[in-house]
Amino acid sequence: MDRIPILRMGEFLLVTIQVDMHDQLAVSLQDDLTAKIVKTGAKGVLIDISALEMVDSFIGRMIANISSMSSVLDAHTVVVGMQPAVAITLVELGLSLRGVTTALSVDRGMHLLRRAMGGEEAADVRGQE
Amino acid sequence: MAIVQSQIADILKKYEDDLVAEWVRELKASGSGKESRISETELFAQAKEFISLLQKAAQGDGQNTNGPEWRAITNFLSEVSKSRVMQGFASDETATFIFSFKKPLFARLRTEFGHDADALADETWLTTELLDKMGLLTVRAFQRAREEVINRQQEELLELSTPVVKLWSGILALPMIGTLDSARTQIVMESLLQSIVETGSETAIIDITGVPTVDTLVAQHLLKTVTAIRLMGADCIISGVRPQIAQTIVHLGVDLQGVTTKATLADALAIALKRSGFVITRDAVAKRS
């Protein structure tokens, strides 16, 4: 049974979804990620979904949930590289991922995380919208 | 019936050349050839072809114009109608093409059946019915051709009215013109999101100066687009909000959920530049002059 790897980069956790998500994979990712955040005390999580071409309502909800859960565990969460088709699907499903920061690429996502860690500049403007 | 029918075919064959000549004369008299939209030779060729096709078709079942014998003439008429649409003829002018054939044909029927009033009446009725059907067919084809033109224009308009322009590196703008319906929003959203991915732009400005009215549906479409852009990790600014539109949005109770809105595209560009860290300064020399 394959799992999505969660990589640790300093104080951040990096999740890159490179395969087509199926329901079981999403559920195990949810378990793994929450466990890993608690274990490592990570302050930032970057979820790269640029390879995700298609989402159904379940996967869409799982992405929203996983991001919210990391936020609840006091880790800044950035979802990066969402494809247009996926964005449109999520909007049509009514999932607007409120409270989750988004970025166009991994590079920019890391930049946002570092800035959020920086302190006084606090969360990105977008995070509050 | 079948015997009577075949006589139309015979008459058409017998007087073919005379009929063509007279018909073209008739058409010219009614004005079809006068304007230079269609040449006499073309009119002549069309008349000749129609008569020969009608003659072939009339040899078969005269009552059922949906039959296989009539396919050739139906196709021919729809082609003629299509070319008439392109040449800018009105629907009545196109129908007159067929109806003006009655006069020369009835004249021939009279010379053939002049001595027999019953036969003449029968023949005339059948011929009228036939030609009326042909005429209606022409009008229908004419209308269909016109609708095709309208549909094509609508599609072109849809594509033309959603250009995504690059204002600055990392700043895209989409000037929206016309009413926003679901189909258009879909196209706008797709092309804008695609451009964001391609150019890696962090800010998108949607300018609604050209949108005449904003109702709850339009506002909802706008919000969907804004949310999708945010999900992709870019920022969205709505600009060109006219005073009436601002009033309408508030009266409708539409919650713009913290979306940045600006009155003009210039304001939107200024804030977008500021967010990406650009500073605009004016040259000291230019300031003095």
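Colleague: Why is Lys43(A) called partly exposed?
Modeller: In this predicted model, Lys43(A) has a relative accessibility of 35%. Partly exposed covers values between the buried class, under 20%, and the exposed class, over 50%. The value for Lys43(A) falls in that range, so the residue counts as partly exposed.

Colleague: What makes the contact between Asp74(A) and Lys43(A) a salt bridge?
Modeller: The N to O distance between their side chains is 3.6 Å. The cut-off asks for a Lys or Arg nitrogen within 4 Å of an Asp or Glu carboxyl oxygen, so the pair of Asp74(A) and Lys43(A) passes.

Colleague: How do you know which accessibility class Asp74(A) belongs to?
Modeller: The relative accessible area of Asp74(A) is 51%. Exposed begins over 50%, so Asp74(A) is exposed.

Colleague: What is noted about the backbone of Asp74(A)?
Modeller: Its phi is positive, about 60°, although Asp74(A) is not a glycine. Most residues other than glycine have a negative phi, which is why the value is pointed out.

Colleague: How do you know that Arg3(A) and Asp32(A) form a salt bridge?
Modeller: Their closest N and O atoms are 2.7 Å apart. The limit is 4 Å, so Arg3(A) and Asp32(A) qualify.

Colleague: Is Asp32(A) buried or partly exposed?
Modeller: Partly exposed, because its relative accessible area is 22% and buried means under 20%.

Colleague: What makes Arg275(B) and Asp235(B) a salt bridge in chain B?
Modeller: Their side chains meet at 3.2 Å, N to O, and the requirement is within 4 Å. Arg275(B) lies in helix 11 (residues 265–275) and Asp235(B) in strand 4 (residues 235–239), so the pair connects parts of chain B that are 40 residues apart in sequence.

Colleague: Which accessibility classes do Arg275(B) and Asp235(B) fall into?
Modeller: Arg275(B), at 35%, counts as partly exposed, whereas Asp235(B), at 10%, counts as buried. The value for Asp235(B) is under the 20% cut-off. Over all chains, the structure holds 10 salt bridges.

Colleague: What makes Glu202(B) and Arg108(A) a salt bridge between the chains?
Modeller: The N to O distance is 3.5 Å, within the 4 Å limit, and Glu202(B) belongs to chain B while Arg108(A) belongs to chain A. The count between chain A and chain B is 2 salt bridges, and there are 8 residue pairs in polar contact, both residues at pLDDT 80 or more.

Colleague: Which elements of chain A supply residues to the side that touches chain B?
Modeller: Helix 3 (84–92) and strand 5 (101–103) each supply at least two residues. Helix 3 gives the most, with 6 residues. By class, this side of chain A has 11 nonpolar, 3 polar and 5 charged residues.

Colleague: How many residues are in contact across the interface, and what area is buried?
Modeller: Contact involves 19 residues of chain A and 22 residues of chain B. The two chains bury about 1900 Å² between them, with 56% of that on carbon and sulfur atoms.

Colleague: Why is Thr101(A) called buried?
Modeller: Thr101(A) has a relative accessible area of 14%, and buried means under 20%, so the label holds. Thr101(A) lies in strand 5. The C-alpha atoms of Thr101(A) and Ser67(A) are separated by 9.1 Å, with the two residues 34 apart along the chain.

Colleague: What makes Ser68(A) partly exposed?
Modeller: Ser68(A), in helix 2 of chain A, has a relative accessible area of 35%, which lies between the 20% and 50% cut-offs.

Note on methods: Residues are numbered from 1 along each chain as its sequence is written. Chains are lettered from A and ligands numbered from 1 in the order in which they are written. This is a predicted model: local features need pLDDT of at least 70, side-chain atom pairs count only at pLDDT 80 or more; totals for chains, interfaces and linings use all residues. Side-chain values use heavy atoms; hydrogens and water are left out. Buried means under 20% relative accessible area, exposed over 50%, partly exposed in between (1.4 Å probe, protein chains only). Helices (H or I, at least four residues) and strands (E, at least two) are DSSP runs, numbered from the N terminus. Contact means heavy atoms within 4.5 Å. Buried area is the accessible area (1.4 Å probe) that two parts lose on being put together, summed over both. A polar contact is a pair of N or O atoms within 3.5 Å; within protein, one must be able to donate a hydrogen and the other to accept it, and residues adjacent in sequence count only if both atoms are side-chain atoms. Ala, Val, Leu, Ile, Met, Phe, Trp, Tyr, Cys and Pro count as nonpolar, Asp, Glu, Lys and Arg as charged, and the others, Gly among them, as polar.
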